[in-house]
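Please work through the following exercises with the structure at hand. Each task is followed by a solution in steps.

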Amino acid sequence: MNHIGKISTIKQFIKPPVPPQPDTGNISTFPTSPLDMPPTTFENALKNRQENQRKLIQWIKQNLEPDIHYGRVHIAQNCPLAKVGAPYLCKDFSHFSNLTLWKAGAEKIIAAMGLIAHFPNVHLYEEACLRGLEITQVLLKCELKTHGGRIVAEGAGARHLREDNWRLNTSVKMATRSAMIDATIRVAGLSGVFIKTHRHTLKNKLPRMSDCNDYNFPPRVDCHSAHTDEKAITQRQKDFILKSAGVKGHTTDGLNRLIHEKFNKHLEDLNRVEAHQIIQNING
């Protein structure tokens with residue numbers, strides 16, 4: 001019978017300890033922090049990220065259109081123009097939010113970065129609906145993943161059904177948009193450019209109020225056309241309206257009827273502000 005000390009399993013535990021190796025300045029195999037990296041490597045990484053972010057912001061300026069991919073939202077509910085249903089006529093800058101990234105803009109940035117939006121907990125609400133459980137609020141998480149499945153950013157979006165007249169489908173969509181926008185801003189480091197919220201979740205929080213330049217309000221039916229100095233609708237807005245209307249299931253006649261009922265105009269005659277209103281109406 002062999003001595004117990006000769007068994008291979010025992011041998012590996014009775015080997016003398018390896019003496020500590022001298023510090024060569026190299027990092028460990030598994031660094032616990034970016035600050036564990038060698039200074040030169042860390043400096044180069046910082047320069048690369050800074051340059052890439054600068055390039056991304058430059059791309060955003062060149063490729064994202066105002067009133068389609070981002071914009072400002074009128075949030076002063078006490079504004080006289082808002083009370084008559086014409087907040088887009090307001091010229092008081094303090095009545096508007098900071099720049100808000102919209103769903104179309106977030107989707108464009110995500111596609112440019114080669115990422116995929118995933119909502120890992122949306123199935124919980126699907127199961128709750130199948131079981132007949134009562135849902136009063138929705139809180140969704142968005143994960144931005146590479147095509148290899150690695151998570152690079154997360155975001156969250158919440159919505160109470162009371163805000164949408166207790167329509168669960170609408171609340172889920174709103175929470176989904178907010179979560180995706182939040183994750184997009186996080187992954188690209190755009191907090192200094194856009195605010196982390198969806199335009200439908202903004203509240204009436206203002207630094208100050210004013211009299212909106214004492215507008216003389218036109219009759220309700222004519223308030224949409226009070227300004228004649230608005231710039232004409234852009235070709236991109238036209239294309240986006242037609243594409244969005246098609247995705248939402250609107251026919252050409254239905255879209256024309258919607259525009260006529262809202263502004264008493266044809267698509268070609270809209271100005272940029274009115275086109276923005278139509279886009280908001282179509283996308284909910």
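The exercises below go from the whole chain to the sheet, the cores and single residues.

This is a predicted model, in which local features need pLDDT of at least 70, side-chain atom pairs count only at pLDDT 80 or more, and totals for chains, interfaces and linings use all residues. Residues are numbered from 1 along each chain as its sequence is written, and side-chain values use heavy atoms, with hydrogens and water left out.

**Exercise 1. Describe the chain as a whole.**

Step 1. Identify the secondary structure, taking helices (H or I, at least four residues) and strands (E, at least two) as DSSP runs numbered from the N terminus. The chain holds nine helices and five strands, arranged along the sequence as α-α-β-α-β-α-β-α-β-β-α-α-α-α.

Step 2. Of the 284 residues, 34% count as buried.

Step 3. Examine the contacts (heavy atoms within 4.5 Å). Among those between residues at least 6 apart in sequence, 65% join residues at least 24 apart.

**Exercise 2. Determine the strand order of the open sheet of three strands and the helix that packs on it.**

Step 1. Two strands pair if DSSP finds at least two bridges between them. On this basis the order is β3-β4-β5, with antiparallel pairing.

Step 2. Locate the edges: β3 (116-118) and β5 (151-160) each pair on one side only. From one strand to the next, the twist averages 25°.

Step 3. Inspect one pairing. Three bridges join β3 to β4 (residues 137-145), and these strands run antiparallel; A117 stands opposite L144 in β4.

**Exercise 3. Find the largest nonpolar core and the elements that supply it.**

Step 1. A nonpolar core is a set of buried Ala, Val, Leu, Ile, Met, Phe, Trp, Tyr and Cys residues joined through side-chain atoms within 4.5 Å. The largest has 24 residues, and those with the most contacts inside it are I241, L270, I278 and I282.

Step 2. Assign the contributors. At least two residues each come from α7 (235-247), α8 (252-263) and α9 (272-283); α9 gives the most, with five.

Step 3. Examine I282. Not counting residues up to four places away in sequence, I282 touches I241, S244, A245, K248, H250, L255 and L258.

Step 4. Another core lies apart from this one, with 21 residues, among them I110, C142, L144 and A183.

**Exercise 4. Is H74 buried or exposed, and which residues does it contact?**

Step 1. H74 lies in the loop between β1 (70-71) and α3 (80-83). H74 is buried, with a relative accessible area of 14%.

Step 2. Leaving aside neighbours within four places in sequence, H74 is in contact with C79, A82, P87, C90, H95 and F96.

**Exercise 5. Characterise the backbone of N165 and W166.**

Step 1. Most residues other than glycine have a negative phi.

Step 2. N165 has a positive phi of about 55°, and phi of W166 is near 60°.

Step 3. N165 is exposed, with a relative accessible area of 61%.

Notes: Axes fitted to C-alpha atoms, helices over the stretch in contact; angles between N-to-C directions. Buried < 20%, exposed > 50% of the residue type's maximum accessible area, 1.4 Å probe, protein only.
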